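Open the model in your viewer and keep the selection tool ready. The tour goes stop by stop.

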Amino acid sequence: MSSTDILESGEEPCFRLEHLPGKSPHLAGKASPQVNSRWDAPQVTANGVHDIEDRILRITGYYGYNPGYSSHRRGEGSDSHAETPGSETSGDGTAYQTCANTVLKVLGGLLVVLCISSSWVGTTQVVQLTFKSFSCPFFITWFSTNWNILFFPLYYSGHVATTREKQTPIQKFRECSRLFGEDGMSLKVFLKRTAPFSILWTLTNYLYLLALRKLTATDVSALYCCHKAFVFLLSWIVLKDRFMGVRIVAAIMAITGIVMMAYADGFHGDSFMGVALAVGSASTSALYKVLFKMFLGSANLGEAAHFFSTMGVFNLIFISCVPLILYFTKVEHWGSLSSLPWGYLCGVAGLWLVFNILVNVGVVLTYPILISIGTLLSVPGNAAIDVLKHEVIFSVVRLAATCIICLGFLLLLLPEEWDTVTLRFLTTLADKKTEEHGEELTESSVHTRSRSRANGAVSIPMA
């Protein structure tokens, strides 16, 4: 092929014919190879790779070639590869840290759940042991409520131990008093805000202890779980909360369980009275929570500690007269102070205080739903102790009623957007399965084509 043929073919020539200066030309058609002057000679690297690549690109006439292009791209590629691992490492580190925090929060929540369940089961069982030698439920309620005074000092001790900014007890007390309003705590606010909640608190615990004198710990703890359904009904009626059909179903299940529990031994005797007392305790507990949400709203840990200690002070000052009245009227009579079972009384009060602290601390440390599950787990815990230690035999009706109440309790734990989240999850799962099915079809078709080619099959297009 001559040089004219190369130019006519549209390709860019890589050689040209020149006469050597001072010398006669060679034979026609012979050309002396020389690098075109419009390209600069590339610099040769230490290993010669740069020079070899540039020569190959120049000879082959690579479109858009510039000298040093390969080396620049190699450098850019190395820079990009140098940056990508760093960004990926930082992203992986953030994801790993988030995952680790979530795992720690869940594990801590499970530990709190076990502690809450154990403390509530312990409280219920120790109360029944106390009744064998000291059957004075109101005195036990009053004595245990007084221990709530220790809540704020314990909170302040933890605050001092875990924070750098130290505050005096008075400063921290005033800061937590904002739960009652911007003006803080006063005698009027103390009586107006604390009195109704303290009365409801005492009434709830007193009815719970009365029910324990009539029923087993398993039945009382299961009936007390109905307070979740009562909270929903009161919130829907009084606070105008969102209506949810699944929670209405859960409330109906709770009421069904209550009726079945009362019917287990017939609508008479101590069993029916015990069911009524347990349902009354759950009702006053629900009223306490709804009123707290209505008048005081939500509270952080410090405000909750302040509120519990304030109720303990109110109980010590204003409700101390009630045990004395019951004593002199011989409704609840006890001997000398030295004959009282102080060990059991302090055990009940201490476990009750631990339960209240764990419930409020657990909301801060982990997910609130786990705290509710901790209360629910007290039912199987009490059932295990009743069967193994007290040799209680549960009837089929009582077991069915307990299971229905527990199932309703679990339905009440569903979040408000549970239906939307469930539909979104199912849609995502269906889309993922469709994509996987499409990928499987593509892979099978590619595999079939490769096998047909390997077997010598030829596809003949239609004319």
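Start by selecting arginine 398 and aspartate 219. They form a salt bridge, with the closest N and O atoms 2.7 Å apart. A salt bridge here is a side-chain nitrogen of Lys or Arg within 4 Å of a carboxyl oxygen of Asp or Glu. Arginine 398 lies in helix H17 and aspartate 219 in helix H8 (residues 217-224), so the pair ties together parts 179 residues apart in sequence. Arginine 398 is buried, at 8% relative accessible area. Aspartate 219 is buried too, at 3%. Buried means under 20% relative accessible area, exposed over 50%, and partly exposed in between (1.4 Å probe, protein chains only).

This is a predicted model: local features need pLDDT of at least 70, side-chain atom pairs count only at pLDDT 80 or more, and totals for chains, interfaces and linings use all residues. Residues are numbered from 1 along each chain as its sequence is written, and side-chain values use heavy atoms, with hydrogens and water left out.

Next, select aspartate 241 and lysine 293. Their side chains meet in a salt bridge (3.6 Å, N to O). Aspartate 241 sits in the loop between H9 and helix H10 (245-263), and lysine 293 in helix H11, 52 residues apart. Aspartate 241 is partly exposed at 28%, and lysine 293 is partly exposed at 47%.

Now pick glutamate 175 and lysine 172, another salt bridge (3.7 Å, N to O). Both lie in helix H6 (residues 169-176), about one helical turn apart. The structure holds three salt bridges.

Zoom out. The protein has 18 helices and zero strands. These are DSSP runs, numbered from the N terminus: helices are H or I of at least four residues, strands E of at least two.

Select Lys228, Lys289, Val359, Val363 and Ser372. Of the 49 residues lining the largest pocket, these are the closest to its centre. That pocket holds about 1,800 Å³ of space. On a 1 Å grid over the protein atoms alone, a pocket is an open set of points with protein on both sides within 12 Å along at least five of seven lines; a cavity is a set where a 1.4 Å probe fits but cannot get out; lining residues have an atom within 4 Å of a point.

Last stop: which residues line the largest cavity? Select Thr141, Ser144, Thr145, Asn148, Trp201, Asn205, Trp352, Leu353 and Asn356. The volume of this cavity is about 40 Å³.

Terms used
Grid points are joined across faces, edges and corners, and a volume is the space filled by probe spheres set on the points.
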